Amino acid sequence: MSASLDFYRVGDAICDEILGLLEMTANETLKKQDVFRVGVSGGSIANVLSEGMHDLRSDFSKWQIFLCDERIVPEDDKESTYGVYKRDLLDCHPGFPKSVFYPVNCSLEPVEAAADYEKTIRKAFGLENSKEIPSFDLLILGIGPDGHTASLFPGHPLLEEKEKLIAPIENSPKPPPKRVTMTYPLINNAKVCLFGSQGESKADILKKILVDKDQSLPVTRVDPKNGRLIFVACDGAASKIEGNPSRKAKA
């Protein structure tokens, strides 16, 4: 099964589209269930979300927000993903409930931190004693210039991880070296995976992902088997893509 793919080309900036899709997905989910579970990322995605999430019209008390990956650094370190959300969302908007965030315990070493975070996720989904893989309602993922996403990098052994849902990485090719990351078994069990791509510098890599379908790139291997893929790109990032690469789900 190959996931359906929707591609949105959105002019100069992706922020309004990303935030709008987040709000819509959250509210549609909460019509059907009591909790909306979302995974968020760092980098430019963190900037978009931390600056705009508080303005969304949704019942945040019913959200659970997890991290798709995290750098094992203190939360006040500029490299901390949770630190961005704490500084630019939670500290600036006290009305946004801090309790809905589930940060990684970065006082632990990567192996322990990964195991602990997997337990945290399983507990939140009520799957502590199950081998069932949790299914996030939405994962919001970034696209690195080398085609990496979360902390899954080209050529890295973690691309072949089949058992762990959250894996440690101690030799990240991009600093800082110590991290934890969601793996494909968890990512590809999500209901929706949403990618944002901003800037003309992303044009070549986005073409390799969506047109060339280069399987050596971690982003290309994101394919939620029972879900949807959504790519949002500004005109610059989409400048080397002709037509619309959207597709229906395929058996």
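How far apart are the end C-alpha atoms over residues 13-230, and what percentage of the chain there is helix and strand? This is a predicted model, in which local features need pLDDT of at least 70, side-chain atom pairs count only at pLDDT 80 or more, and totals for chains, interfaces and linings use all residues. Residues are numbered from 1 along each chain as its sequence is written, and side-chain values use heavy atoms, with hydrogens and water left out.

**View 1. Residues 13-230.** Over this stretch the chain is 30% helix and 16% strand, and the end C-alpha atoms lie 16 Å apart; helices (H or I, at least four residues) and strands (E, at least two) are DSSP runs, numbered from the N terminus.

**View 2. The open sheet of six strands.** Its order is S1-S9-S8-S5-S2-S3, with parallel pairing, where two strands pair if DSSP finds at least two bridges between them. Strand S1 (4-9) and strand S3 (63-67) are the edge strands, each pairing on one side only.

**View 3. Strands S2 and S3.** Strand S2 (residues 36-40) pairs with S3 in the parallel sense over five bridges, and valine 38 stands opposite isoleucine 65 in S3.

**View 4. Helices lying across the sheet strands.** Helix H4 (residues 110-124) lies across S2 and S3 and runs at about 160° to S3, while helix H6 (residues 203-210) lies across S1, strand S8 (192-197) and strand S9 (228-233), running at about 155° to S9. Contact means heavy atoms within 4.5 Å; axes are lines fitted to C-alpha atoms, for helices over the stretch in contact, and angles run from 0 to 180 degrees between N-to-C directions.
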